[in-house]
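Hi everyone, thanks for making time this morning.

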Amino acid sequence: MTADTVAEQIAELLRQPTTTHGLARALRAALKELDVHRTHTAALKAWPDGRIDDAPRKVQIGGGAHRIDGYFNIDAVPPADLLWDIREGIPLHDNTVHDLFSEHFLEHIDYPNSAKHYAREAHRVLAPGGRVVTGVPDAGFVLTRYPSGDADTRTLLKKWYGKRDCLDHINTHLDLINYVFRDQDDDPVYHPHYWAYDHDKLVQLFTEAGFATVEPWEFDPQIANPKREWASVYVVAAK
Ligand SMILES: C[S@@+](CC[C@H](N)C(=O)[O-])C[C@H]1O[C@@H](n2cnc3c(N)ncnc32)[C@H](O)[C@@H]1O
């Protein structure tokens with residue numbers, strides 16, 4: 001049985017009106033994974049040992065539509081330069097990357113397996129003297145506002161989720177916290193969050209992976225997505 005056959009069968013099941021809500025959720029998630037699997041397998045055919053021929057010095061992981069000039073962009077979906085499932089490893093050679101950047105990516109891969117694997121892979125590919133910059137939604141930001149009540153909830157919602165169709169469902173600050181920790185896992189457009197991070201967790205993760213220093217990174221809108229400046233936390237790690 002191939003992944004394509006399974007995908008066709010799932011699509012057929014999803015079309016049937018008798019398919020229950022819970023099963024449909026699970027099937028949609030499986031379809032997404034089958035898509036990533038299909039793309040990744042195609043790339044692996046070109047580079048069976050999991051390393052591309054080139055050795056780009058500047059690399060962005062999980063940039064989505066936010067491409068950075070001068071960077072080689074790797075993502076599971078277009079419009080990246082390389083479509084690759086990073087949970088399978090970083091497809092680059094040891095000690096070759098001078099600048100590895102990601103923002104609002106790490107929380108979308110499972111913890112501990114994939115997140116720790118990513119941190120170890122980042123350490124492996126980084127050239128001596130290079131840096132790994134990582135930004136994520138700052139879970140501490142929303143949690144520190146919880147004890148003071150709901151006053152900030154509407155502002156936070158507008159800034160984070162103003163363009164989405166979830167606003168009817170967030171009535172209290174705890175609903176907002178739930179969104180930060182899970183995101184819209186029932187909406188096919190959005191990727192769920194698998195783990196929440198703050199500064200300390202990022203430091204611990206990259207230190208455990210072997211980095212010698214992990215410091216706060218000063219937001220640079222030439223590289224980072226300007227819409228991420230507010231309420232995100234970034235660190236820069238070096239070997
Ligand atoms: C929330 S978007 C962030 C996009 C961009 N960095 C930004 O801040 O606007 C998360 C990105 O991570 C990518 N991503 C999630 N899981 C991935 C994986 N396993 N391998 C590669 N990319 C992945 C998604 O395709 C998506 O482009």
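Let's start with Ile223, which has a relative accessibility of 10% and therefore counts as buried, the cut-off being under 20%. Before I go on, please keep in mind that this is a predicted model.

Trp195, for its part, is 28 residues from Ile223 along the chain, and 24 Å separates their C-alpha atoms.

Now let's zoom out to the sheet. Seven strands make up an open sheet with mixed pairing, and the order is E3-E2-E1-E4-E5-E7-E6. At the edges we find E3, residues 82-83, and E6, each of which pairs on one side only. Helix H7 packs on this sheet, where it touches E5, E6 and E7, and the direction of H7 makes about 25 degrees with that of E7.

Let me stay with E5 for a moment. This strand covers residues 126-137, and nine of its 12 residues are buried, so E5 is largely enclosed by the rest of the structure. With E4, residues 97-103, E5 pairs in the parallel sense over six bridges.

Last stop: the helices. Two packed helices are described by the angle between their axes and by the distance between those axes. Here, H3, residues 113-125, packs against H7, residues 199-208, at an angle of about 60 degrees, and their axes are 8 Å apart. H3 and H7 are therefore oblique to each other. The crossing of H3 past H7 is right-handed. What makes the contact? On the H3 side we have Ala115, Lys116 and Ala119, and on the H7 side Leu205, Phe206 and Glu208. Sorted by class, this contact has four nonpolar residues, two charged ones and no polar ones.

That's my tour, and I'm happy to take questions.

Terms used. Residues are numbered from 1 along each chain as its sequence is written. This is a predicted model: local features need pLDDT of at least 70, side-chain atom pairs count only at pLDDT 80 or more; totals for chains, interfaces and linings use all residues. Side-chain values use heavy atoms; hydrogens and water are left out. Axes are lines fitted to C-alpha atoms, for helices over the stretch in contact, and angles run from 0 to 180 degrees between N-to-C directions. Helices (H or I, at least four residues) and strands (E, at least two) are DSSP runs, numbered from the N terminus. Angles under 35 degrees count as roughly parallel, over 145 as roughly antiparallel, 65 to 115 as roughly perpendicular and the rest as oblique. A crossing is left-handed if the near helix is turned anticlockwise from the far one by less than a right angle, and right-handed if clockwise. Contact means heavy atoms within 4.5 Å. Ala, Val, Leu, Ile, Met, Phe, Trp, Tyr, Cys and Pro count as nonpolar, Asp, Glu, Lys and Arg as charged, and the others, Gly among them, as polar. Buried means under 20% relative accessible area, exposed over 50%, partly exposed in between (1.4 Å probe, protein chains only). Two strands pair if DSSP finds at least two bridges between them.
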